[in-house]
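Please read it alongside the sequence and the coordinates.

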Amino acid sequence: MSIALIPGAAGGLGRAVLTRLAARGVACAAVSRSAERLADVEAGARICADVSTFDGAATAVAQCRDQLGLPTLLVHCPGTILLAPAHRTSEAQWRDTLAASLDSAFFTLRAWSAALLAAKSPGAAVFVSTVAAQIGVANHEAIAAAKGGIEAMVRSAAATYAPHGLRINAVATGLMDTPLAAGLLRSEAMREASAKQYPLGGIGSADELASLIDWLLGDDAQRVTGQVWSVDGGFTAIRPLVR
Ligand SMILES: NC(=O)c1ccc[n+]([C@@H]2O[C@H](COP(=O)([O-])OP(=O)(O)OC[C@H]3O[C@@H](n4cnc5c(N)ncnc54)[C@H](OP(=O)(O)O)[C@@H]3O)[C@@H](O)[C@H]2O)c1
């Protein structure tokens, strides 16, 4: 049976990923900083750890190994949204943005890859980015820097670990209907305005992104690594037709 480590499993995307993986028989270790937020998450193991710290990420991997076994699959979901231009971003906001996304991604990659290398095990990991890392979107400087760092890290790690049988990819999402985006989607008018930004319209769902993540982890993607896959209604790749 495959084992997956899912930091951020108490969040919208993490829950959707866990549900998909569990449905195909993967044993999942859900990680959150808060035992309370994990209370209603059904998982093989519930691990309370802060993966934005070096020790927290190491603890998450070690506890998963102790409770379930070696996590050959990793889905890194922690992250935030910060809509603010650079000149209105406080030091605390910058540091929190980098900690939630980039620190946590790097520390988790470090602990996970070390465990798999030690066990001489193949594996697959997926990290989460944003459209704002791929194209200039106003007022996203901090989050674009954090997620752009993740995309660059994914390409380098994919190169480093390919000879060891580890596949490492990222997905880049547009606005997705999860608790994180609730403030941006709190009225019908706001939903309509947001949807208009995407050539295909609509607002993304956690489940559609989880479906791509599930595929990237599976055997059908066994020759796919070092890629950033966009699920964004055409936001980054095409210009909407202006009538
Ligand atoms: N929703 C969107 O519109 C959108 C758009 C672009 C990118 N994304 C990315 O998609 C991923 C999933 O987000 P989501 O929409 O599922 O959001 P969510 O429901 O808020 O879940 C995000 C998770 O991130 C964790 N987290 C937040 N700050 C952290 C920190 N400082 N250290 C460690 N963990 C932290 C939280 O874990 P705890 O349980 O420990 O609090 C939370 O469960 C994130 O990487 C996000 O940046 C989302």
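Which residues are buried in α3? In this predicted model, the buried residues of α3 are G56, A57, A60, V61 and C64. They cover an arc of only 135° around the axis, and therefore lie on the same side of α3. The face of the helix that is turned away from this buried side carries D55 and D66, which are exposed. Among the elements that cover the buried residues of α3 are the strands β1 (3–7), β2 (27–32) and β3 (45–48), together with helix α4 (91–118).

The length of the helix can be checked as well. Just after α3, G69 takes a positive phi of about 130°.

In soluble globular proteins, nonpolar side chains tend to be buried together. Here the largest nonpolar core has 32 residues, and within it the most contacts are made by L5, V31, W112, F127, V154 and I168. Two or more residues of this core come from each of β1, β2, β3, α3, α4, β5 (123–130), α5 (141–161) and β6 (166–173), with α4 giving the most, namely 7 residues. Apart from this core lies another, of 31 residues, which includes A16, V41, L73 and A210.

I168 illustrates the contacts in more detail: when residues up to four places away in sequence are not counted, I168 touches, among others, L109, W112, A125, F127, V154, A157, A158 and Y161, and also T225, G226 and Q227.

S121, by comparison, lies in the loop between α4 and β5. S121 counts as buried because its relative accessibility is 11%, below the 20% cut-off. With neighbours within four places in sequence left aside, S121 is in contact with L70, T72, L116, H164 and L166.

**Cysteines**

The structure holds 0 disulfides. C28 is in no disulfide, and the nearest cysteine sulfur to its own is that of C64, 9.3 Å away; C64, likewise, is in no disulfide. C28 is buried, with a relative accessible area of 3%, and C64 counts as buried at 0% relative accessibility.

**Aromatic pairs**

A pair of aromatic rings is described by the distance of the centres and the angle of the planes. The count comes to 4 aromatic pairs, including the two in the table.

| Pair | Centre to centre | Angle between planes | Arrangement |
|---|---|---|---|
| F54 and F107 | 5.8 Å | 75° | edge-to-face |
| Y198 and F235 | 5.2 Å | 40° | tilted |

F54 lies in helix α3 and F107 in helix α4, so this pair ties together parts that are 53 residues apart in sequence. F54 is partly exposed, with a relative accessible area of 40%, and F54, F106 and F107 form one aromatic cluster. The pair of Y198 and F235 also links distant parts of the chain, since Y198 lies in the loop between α6 (188–195) and α7 (206–217) and F235 in the segment after β7 (228–231), 37 residues apart. Both Y198 and F235 are buried.

Technical notes. Residues are numbered from 1 along each chain as its sequence is written. This is a predicted model: local features need pLDDT of at least 70, side-chain atom pairs count only at pLDDT 80 or more; totals for chains, interfaces and linings use all residues. Side-chain values use heavy atoms; hydrogens and water are left out. Buried means under 20% relative accessible area, exposed over 50%, partly exposed in between (1.4 Å probe, protein chains only). Helices (H or I, at least four residues) and strands (E, at least two) are DSSP runs, numbered from the N terminus. The arc is that of the directions from the helix axis to the C-beta atoms. Contact means heavy atoms within 4.5 Å. A nonpolar core is a set of buried Ala, Val, Leu, Ile, Met, Phe, Trp, Tyr and Cys residues joined through side-chain atoms within 4.5 Å. A disulfide is a pair of cysteine sulfur atoms within 2.5 Å. Rings of Phe, Tyr and Trp (its six-membered ring) pair if their centres lie within 6.5 Å; planes under 30 degrees apart count as stacked, over 60 as edge-to-face and the rest as tilted.
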